[in-house]
Amino acid sequence: MIEYTTLDEDTTASSLLSLDGTLVLLDPAAGADLHFPHTIEKPDLILLSHADLAHLGGYVYGFRHLGWHTVPCYATLPTVNLGRMAMYDALKTLGEGLTVADVNAAFDWITALRYSQATQLSGKCQGISITAYNAGHTLGGSIWRIVRGADRIVWAVDWNHARDGHLNGAALFVNGQVTEGLERPSLLITDVRNAANPALPTRVKRQTALFDSIMATLANSGSVLIPMDASTRAIELCEMLELHWRTTEPPIPFPVYFLSGSATKTIAYVKSMLEWMSDKMISTYGSSGGLFNLQYVKVVTSASGLPPGPKVVLATSSDLEGGYAQKLLHTQLAASSNNLVLLTQKSTYGKDTLAAKLLEVFESSSNDAAPGSIPAAVTLDLKTTILTRQSVPLEGEELKIYNTEQQRRREEEVARLALEERNRNIIDAEDSESEDEDERAALAAQGVLTRASQTSTAMALGSSSLLSGATFDMLLTDRANSSLPTRLKTFPFLEKRRRFDDYGEVLRPGEFKRADLDDDEGEQVAVQQASRKAGQKRKWGEVNKVGSGLAHDEDEERLAPSKLVSKEEEVHLQCRVRYIDMEGIHDGKSLRNIIESVNPRKLVLIAGSAEEKDAMREACEQMPAMTEAILVPAAGQAVEVSLDANAFEVRLSDTLAASLQWQKLSTHEVAHVTGKLLELAPEAQPGDVRVLDVLTDAADLASAPRIQSLFIGDVRLADLKRALSLRGHAAELRGGGVLLVDAEVAVEKTAKGEVVVQGHASAHFFAVRDVVYGALALIQ
């Protein structure tokens, strides 16, 4: 049985998927103070889709405090790297109780995958396969396909079908077709963001409005604040602003800043992952880092690096509930109507956040705007209370408690590592002893060892007996020892067994660690080396100081023991605010069209407002071929999403398997099976499967059902058109799912998936029919 539970009502997509007791946690979002806000059982598998707090913000807390440190976790490489940067930034204002070491340990545990890399799981997840596909929206963002037996589940949240400046569109729908492997899943789970908006203004129109607002504000001696996340959509905005500043003539005299606690490392990681970006970005800039060798967008990690005067600042966090964005708004921008706050990421604004309040004021003042237009900026006159957080160094008793806790954690880690090393040595020693036993038996067989010497292990093994600890001396002049081979008289050395995997010998990283580098410095050097051009030498000073002085200061701040002090403050907002959608998520029209093309057997709609969920459900119910199983679960409600089919697991006997006639069907082989299910033996263990064997008795053969020919497969009109064209036929796709061939034969695919070939009995008709048959597997 498969059960699905959404953990949040509308703002995040955190969910649980239970596959016959195997619990899969999808996108554990962060609650207050980066805690995971839900009480759940310990999961057996964790999958991360995007590198922002709304999709992985609660992972580190669960890893440190909820026992997730033994749970397999999977994500793409950019999600791992950029997610780590997002957590680094969040620790400064939200992460009390978590440390950089916690973040590093959690993200080092994640297994990084590439797109379309099918991975078979083991342990309690045995029989489950996972594959990541490009989701657009963020660098390394993933649509997950989870396969278990006949169940194919597609998890697609926050995806973008259209291309961004640095990203390709989602793999869910490419070149007018659903990607193979994602079509017709047994279950599709997707968000409904923007479902109530038929279509967004074009990207060019939105981008033009963004630059017009920025330039008008700068010309009026004002500053522009764009609240952003630390590592995902901020990359797209950096790319847009850098390109605009580079190509505008005359040059724009106003500076642009990307302000984040982890900004330096974020850009370094981005430059090293160009292969994950759009085809256009790769073809234009090659592998040199390209547009992200920033010339105009200045990367800073402290608000003290911002000069006075008009400027554009991309700052964290996106919801204005903390971080540099809240601080700049409160201290520098709030009091003047010349300044502008540009909101771009509506889906990240949780309930009652400051960004959500500003968006509400903007939308209520823009009700008269024409459909499809982008409303102008609105001047605020809003008095509200904000919760500010400030990092304060620990002192006195608090510092003493902190140091005691850190010492305890270090001792626990040392004890754990020592135990692991001891266990490895025990295994290696057992392997060596077994090899010595084999050697002794071989010597005895050759007559080298006498019967008397065979009774004495120490004499028989020579110097290797010293390894047992029972003796510490070996007299070489002893008559028994003098007869030993020379190799048994040499000083004993226990060679540890070497381990190998698919890529060669397994190495222990600690044996190659430089003594003059600690963990954080080693990571910084690795990041800088990854971003350095090929052939360029590393400066020695980079070992102790990475990048600019800002980056060094950033690490010093992070290492200092501190606590977060919160207080409420009244603020009077008199600046202007404007919302321009730049978050890279599908619009309502595209969402409906693509879901109709995917055509899932069951559909679950999550992560959106009640209005968006109702609009999407009504649209799906009006689709003629759409499933009737459309579910909109409430938060915490477990719904059964199993296929309405009976599936049994059996093992074919060797005789029956050899008699089957297999037919190729795409990447599978199918055959018609008739057999007799044997009973399990009395000594069978729990979990053993029954065996299907051939029919031998006359009574069984007489009562067995007769085999009838059966076509299996799915004919896609686009593929059929291509196959007919290769055979010289003129094929043309018409509306309503009809393919017209040679103006004589029509091939129609009905809403139920049936293929109907219509036409007069002629050579053309039978030729087209043969091509249709060739796309199917004939089971006889």
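Predicted model: local features only at pLDDT ≥ 70, side-chain atom pairs only at ≥ 80, totals over all residues.

User: Where is the place of N160?

Analyst: N160 is in the loop between β10 (151-156) and β11 (173-174).

User: Is N160 buried or exposed?

Analyst: N160 has a relative accessible area of 5%, and under 20% counts as buried, so N160 is buried.

User: And which residues does N160 touch, not counting those up to four places away in sequence?

Analyst: N160 touches A135, G136 and H137, then G169 and A170, and also G584, I585 and H586.

User: Switching topic. At what angle do α3 and α4 pack?

Analyst: Helix α3 (residues 77-91) packs against helix α4 (residues 100-109) at about 165°, and their axes are 10 Å apart. Angles over 145 degrees count as roughly antiparallel, so α3 and α4 are roughly antiparallel to each other.

User: Is that crossing left-handed or right-handed?

Analyst: The crossing of α3 and α4 is right-handed. On the α3 side, T79, V80, G83, R84, M87, Y88 and L91 make the contact; on the α4 side, V100, V103, N104, F107 and D108 do.

User: How do the residues of that contact divide?

Analyst: Seven are nonpolar, three polar and two charged.

User: Now the whole protein. How many helices and strands?

Analyst: The protein has 22 helices and 38 strands. It has 780 residues, of which 45% count as buried.

User: What about contacts between residues 24 or more positions apart?

Analyst: Such pairs account for 70% of the contacts in the protein with a separation of 6 or more.

Notes:
Residues numbered from 1 in each chain as written. Heavy atoms only, no water. Axes fitted to C-alpha atoms, helices over the stretch in contact; angles between N-to-C directions. Helix = DSSP H or I, 4+ residues; strand = E, 2+ residues; numbered from the N terminus. Parallel < 35°, antiparallel > 145°, perpendicular 65-115°, else oblique. Left-handed = near helix turned anticlockwise from the far one by under 90°. Contact = heavy atoms within 4.5 Å. Nonpolar A, V, L, I, M, F, W, Y, C, P; charged D, E, K, R; others polar. Buried < 20%, exposed > 50% of the residue type's maximum accessible area, 1.4 Å probe, protein only.
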